[in-house]
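Hi,

Here is the model you wanted to look at.

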Amino acid sequence: MTSFVGSACRALALAAFALFLVHSGSLTALRSWRWLAQAASLADEKPPAIRRRQLGARYLSAIEQLRRTIPRDGEYLLVRGGTEFEGGQYWVRFELAPRRARFLGSLSELADGRTPRPLLPAGPRWVVIAYSEPRPPVLMDRQDFLRILDDRSHGGT
Amino acid sequence: MAGIEKLVQLAGVALFAVPGAALVELLPALRALPWGQRLAYAYLLGVAFVAGGLYALSHFLAVPLRVPAILTLALAPAGGWLAMAARHRFPRRADHPRGRRWNALQILAFGMAGVVFLSILAEVFINPLRDWDGRMTWAAQARYMRAEGTVDPAVLTQPGWYLTHSWYPALMPVAQVAVLELLRAGDDEHFFRAVYAFFFPVWLLILYGGARRWASRNAAALTTLAVALLPFPAIYRGGGAVSAYSDLPLACFYGAGFLLLLALRPRLSAAVGGGLLLAAAALTKNEGAPLALWALSVAAFVSVFAGVPRRRLAGGRWRPYMLAAGIVLAACVLLLSWRVGIPDRFESYREIISWSTLWPGVITRVPLLLPKIRLQMLSLADWGTFWLAAFVVLLAGWRGLRRRVTLPLLLAAAAPLGIAWIAYSVSLDPVESVRTSWNRFVLQASVPLMILLTLAVDDVLCVLPGRWNRDRHLRP
């Protein structure tokens, strides 16, 4: 009797495992086929075209402009334009590396009128306001940035 | 033409595989393994040796992370192997018999794993990196290191620069730098992605080889097939082989290093291999160092308390463990020395953890966190119905777990999950921590965990007719 119960349990377990294999196997086969077919169709695409397709043309041209403006060994002030969970500041920092960033915080907090106007760290001339793709980052001079903060905290947009 | 250019990433993989293959030939314990295992260990040892060596040379001796140093380090093991071959004339493969032909289940498992791996390669060859931590932490760190040619770039050593988790161990970023430098890649050419992708077949091979030590080939093949079908380790952007997260590499280093040392009498060459892999684990992620020390302790514990008479331990039985521990401690010294130069090294953690909640949080958070963990494990997108099936198999095949090796495997699998639980106990937002990291901790524990599952699968298979469990064999 014990042996029968043991065998039945094992058979059930094997069935559960087999079910998983069939279900997952078919999904995996479909996905793999899709990925391989996509790779075959895009194999001749040049890296810039792939980046444009993935990140958006406006975002990419903004990144290119930032790279041209800020020297490769230069530095900039980084401001988060969107929410923290969009990660825009990380993606822009990654695209601009090895340019060094000093982080000022989120634009909404800096310009809410309640937070004291920040003392910008000495050095970096440029301020980059980062958004998540496909919304392009914005580049401005530090004086322009301070002016915008003043405008916003006095009720401007 | 652009299609062919994409394959250049394979040269980056060879940068680690070739020196690793030479290292395997230099270590008799590894040379005796079946060829699939040798390939897997070669890749891991190559990454450990080349990236770890560059890490140490750059930090201690200020050697620039440029092509001359990269190639010298990559060619050194091959030179050593050639010198040894000339002197000793290695016995050719007499020490391991030719493997039997694969059966249908093995062909299915390896074939399916191959298809999944090809699709991962297709993804990484075609697309740029689009994950979260890869771009936020690891690849960003690599870019700063590459630009200055050192593992101590100004952005790390000067205060105030914006870099997330600047004190995370940098083995994988150094590996990225080595590949990008060798291939003269531009900023937008993410040629390091294939290096991460190759950890997927390596992980499967290590798992299969480990499973075969204690289970039948059908059980090992079935588990490997199941694991190859899991979405999370393969295609998940938050830690799988298509990402640039360090969790899959850590799972490989930790699992493979532990398996090499998990023997009643590990050879000195196995200890060197195991030590190198665990040292790489320590240099791969924060939790790597405690995991490496834990793996060493568990393996030594097995030797002391499981079968070896204690009086014989004095006669050099400790030597392999001391050797492995020495290599791991050297990696820890490198890590600590490197971190000393990073001024705000714990800043980002101070905002998200508080040690004061450890007690009684470690107990009182159980009702809050267990349902969240269950949600992660039952996520169809990440794991399919794998954990449900695995749970049923473990229940039905529990007799397969009545083995001497179960306890050390269980202890090794529990360590990453224990670290996760401590992290959640001190986290100021434990629910979010579970959501973003639980699956990755499971991945880190995966090698010993899946071997345990294989033991249960082996027992469950005995319900089938003879040909399915013909080579079942109970080893300790």
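First, the ground rules. This is a predicted model, where local features need pLDDT of at least 70 and side-chain atom pairs count only at pLDDT 80 or more, while totals for chains, interfaces and linings use all residues. Residues are numbered from 1 along each chain as its sequence is written, with chains lettered from A and ligands numbered from 1 in the order in which they are written.

Chain A has six helices and four strands (DSSP runs numbered from the N terminus, with at least four residues of H or I for a helix and at least two of E for a strand). Reading from the N terminus, the order is α-α-α-β-α-β-α-β-β-α. Its radius of gyration is 26 Å, well over the 15 Å that the globule rule gives for 157 residues, so chain A is more spread out than a compact globule. (That radius is taken over C-alpha atoms, and the rule is 2.2 Å times the number of residues to the power 0.38.) Along the principal axes, the C-alpha atoms of chain A fill a box of roughly 85 × 45 × 30 Å.

As for burial, 31% of the 157 residues of chain A count as buried. The cut-offs: 20 or more other C-beta atoms within 10 Å is buried, 12 or fewer is exposed, and in between is partly exposed, with C-beta atoms placed from the backbone. A:Ala29 sits in helix H1 (residues 2-42) of chain A and counts as partly exposed because it has 15 C-beta neighbours inside 10 Å.

Chain A also has a couple of cis peptide bonds to look at. One runs from A:Ala97 to A:Pro98, with omega near 15°, and A:Pro98 lies in the loop between helix H4 (88-96) and strand E2 (100-106) of chain A. Another goes from A:Glu133 to A:Pro134, with omega near 10°; A:Pro134 is in the loop between strands E3 (126-130) and E4 (138-141) of chain A.

Now for where the chains meet. The contact takes 42 residues from chain B and 41 from chain A (two residues are in contact if their C-beta atoms, placed from the backbone, lie within 7 Å). On the chain B side, H6(B) gives the most, with nine residues. By class, that side has 28 nonpolar, eight polar and six charged residues. Here Ala, Val, Leu, Ile, Met, Phe, Trp, Tyr, Cys and Pro count as nonpolar, Asp, Glu, Lys and Arg as charged, and the others, Gly among them, as polar.

Lastly, some loop residues in chain B. B:Ala62 has a positive phi, near 55°, in a residue other than glycine. It is in the loop between helix H4 (35-61) and helix H5 (67-88) of chain B, and 11 C-beta neighbours inside 10 Å make B:Ala62 exposed. B:His165 is not a glycine either, yet its phi is positive at about 50°. With 17 other C-beta atoms within 10 Å, B:His165 is partly exposed. B:Arg365 is in the loop between helix H19 (358-364) and helix H20 (366-377) of chain B. Leaving out residues up to four places away in sequence, B:Arg365 touches B:Tyr424, B:Ser425 and B:Pro430.

Cheers
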